[in-house]
Amino acid sequence: MSREGVTPQSEDFSAWYNEVVVRAQLVDRGPVRGTMVIRPYGYRIWELLQGDLDAKIKDAGHENACFPMFIPESYLKREAEHVEGFSPELAVVTHAGGKELEEPLVVRPTSETVIGEYMAKWIDSHRDLPLLLNQWANVVRWEMRPRMFLRTTEFLWQEGHTAHVDEDDAMRETLWALDAYEKVARDLAAMPVVPGEKTPGERFAGAERTYTIEGMMRDGRALQAGTSHYLGTNFAKAFEIDYQDADGDLVLAHTTSWGMSTRMIGGVIMTHGDDKGLVLPPRLAPYQVVIVPLGRKEQAETTAAKAHEVAAELKAAGVRVHVDDKRPQLTPGFKFNDWEMRGVPLRLELGMRDIDNGVVTLARRLPTEEGQGKETIPFGEVAARIPGLLEDFQAFLLRRAEEFRDSHTRAVDSWDDFAAQVSQGWALALHCGRTACEDDIKAETAATPRCIPAAGEADSGVCVRCGEPSAYGKRVIFGKSY
C-alpha cells in the first residue's frame, strides 16, 4: 500500500478529487465507462444521508414505493419538453429475449412519466389527494464526461412525486422539499447551501418552476445539491391525472417532483476536503472515532484489549467507533495517514505509556477553535467528552465552509468584474432573465445562473451583460459548476 499523498488542491483540484475518492476507499470505477462501484465506506455515508432524509419524508406523510426501471419510450414522448430535455442522456433497450422489441424501453432517467401513468389510475376524487409518493432508486443518464459521484451514467437517488388539488398546495410541497434538502445539507453535511429558484433557462424539463440548493466547493465552483420542481398541470395533461372535485367537476391535479442523489457525497468531499484527503462531518462519518492501539506482540495485545474497552463505552454513548487492530503489518504512522485520508473526525491513540498514565491521546482531523494538535483525555472522561467534541467539530466545519463561501462571493456591476469574480467564486449580479443572454454569458465565461437566492435583498438596475433592465428584483448568483 502506498503512502504517497494526493495532488494538492491548489495545483489541480480535479486531479485531487479523482485521487481522493479512490484512495479514501469510497468508490472504484465500474466495468462500463461512467459507472461506479460504491465501496462499503462510501455507501455508509449514503446510508446515513438516506436514513435522515427518509425519516423527514415519512414524517411529512409520504410513503415509499418502487416503480419499474424500464419505461416505454412512448411515455416520455407524451410530455414533449420533458423528452426533449432528456433525449441526449437516454439509454434505450431495443432488443431483449433474443428478439427486437415492439417498442423500445428507456432505462429510467427519472420517473415523472411512469409514476404519472399510475397516479392517473389511482386518483379519482379530491379525497385521494394529496398523493404523496417517494422512491429510492438507481437511474441512468448517459454521461460523456463522467466524474465519480458528481456525474456518472448510473447513480443512486431519492425522488419524490406528489399530486395536489391546486397550485397553492403543490407549491407548499415544492418548498417543503427544498427546506428538507437544505436541512440535510446544513445539519448533516455541514454544507452552507443557498436555496433559491432557477431561472427559466435552467428549469427542469417540463417544470413550471424549479428550486435548488447550491453549495460552494473549495475551488469556488457551485454544486447543485438538490432540486424541487413545481410541474403545474403539464404532466397531468399528458397522463390524464385528474380528479372529481367537491362539485363533481373533473379537474387536473397539480404535481411536483424533487430529488437528492449520491452527488451530495461529492459535495461533502469538495466542501471540506484538504491536501491530506477527506474531511468528514461527524454526523456523516462512517467512523466518527478510530482507535489505534500501539505496540508489538504482548504490548499490542494489552493495548488492543484496552482499546476495545474504550470502544464499548463510546458505542454505549452513541458514537460510531472502530478499533484498528487487524493490520499488524502496518506502522502506526501509516495508519494515522490512512485514517486522515479517509476523513475520520477524531483519532484516539493508545500505547502502553497512555495506559500507565490512565489516558488516551486524542488527535483531531483538523485543528479547531476548541483544540489544536493532540491532547490527552483520562479514561474515565472519554465517553462523556467525545460526543461534545464531535458536535464541536461538526459546527466548526459548517462555520469554516460559510466563511469560505462568503469570502468568495461578491456583488459585481461591470462585465470585467463579473468575469474576474466567476473565475474564483460566485458573482452576485443583476440579470435580464433572457435565456439568450445566459447562453452568451456561459460561452464567454463558462458561468451559469445558479439561482435567484430566496434570501436575496431587493435590488434593481440593468443586466451585467447586455444592459437590459433586470428581471428578478434582486441579484442572481452566477458561478461555474459541476
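Which side chain meets that of Glu214 in a salt bridge? In this predicted model, the partner is Lys198, with an N to O distance of 3.1 Å. Glu214 sits in strand E10 (residues 209-216), while Lys198 belongs to the loop between strand E9 (194-197) and E10, so the pair ties together parts that are 16 residues apart in sequence. Buried or exposed? Glu214 has a relative accessible area of 0%, so Glu214 is buried. Lys198 is buried too, at 1% relative accessibility.

A search of the whole structure finds 29 salt bridges. One of another kind of setting lies within a helix. Lys56 pairs with Asp52, the closest N and O atoms being 2.6 Å apart. Both residues lie in helix H2 (residues 40-59). They are four residues apart, about one turn of the helix. Here the side chains are not buried. Lys56 is partly exposed at 22% relative accessibility, and Asp52 is partly exposed at 24%.

Now turn to the sheet. Five strands form an open sheet in the order E16-E15-E17-E18-E19, and the pairing is mixed. Strands E16 (321-323) and E19 (374-378) stand at the edges. Each has a single partner strand, so one side of each is left without a neighbour in the sheet. On average, neighbouring strands are turned by 25 degrees against each other, direction ignored.

Inside the sheet, strand E17 (residues 346-350) and strand E18 (residues 359-364) pair in the antiparallel sense over four bridges. Arg347 stands opposite Ala363 in E18. Strands of a sheet pair through backbone hydrogen bonds, either parallel or antiparallel.

Two helices pack on this sheet. Helix H10 (residues 332-341) touches strand E15 (289-293), E16 and E17. The direction of H10 makes about 170 degrees with that of E15. Helix H12 (residues 382-407) touches E15, E17, E18 and E19. The direction of H12 makes about 140 degrees with that of E19.

Arg364 and Glu375 meet in a salt bridge, 2.9 Å from N to O. Arg364 lies in strand E18 and Glu375 in strand E19, so the pair ties together parts that are 11 residues apart in sequence. Arg364 is buried, with a relative accessible area of 12%, whereas Glu375 is partly exposed at 22%. Beyond this pair, salt bridges that share partners join Lys276, Glu340, Arg347, Glu349 and Lys374 into one network.

How values were computed: Residues are numbered from 1 along each chain as its sequence is written. This is a predicted model: local features need pLDDT of at least 70, side-chain atom pairs count only at pLDDT 80 or more; totals for chains, interfaces and linings use all residues. Side-chain values use heavy atoms; hydrogens and water are left out. Two strands pair if DSSP finds at least two bridges between them. Axes are lines fitted to C-alpha atoms, for helices over the stretch in contact, and angles run from 0 to 180 degrees between N-to-C directions. Contact means heavy atoms within 4.5 Å. A salt bridge is a side-chain nitrogen of Lys or Arg within 4 Å of a carboxyl oxygen of Asp or Glu. Buried means under 20% relative accessible area, exposed over 50%, partly exposed in between (1.4 Å probe, protein chains only).
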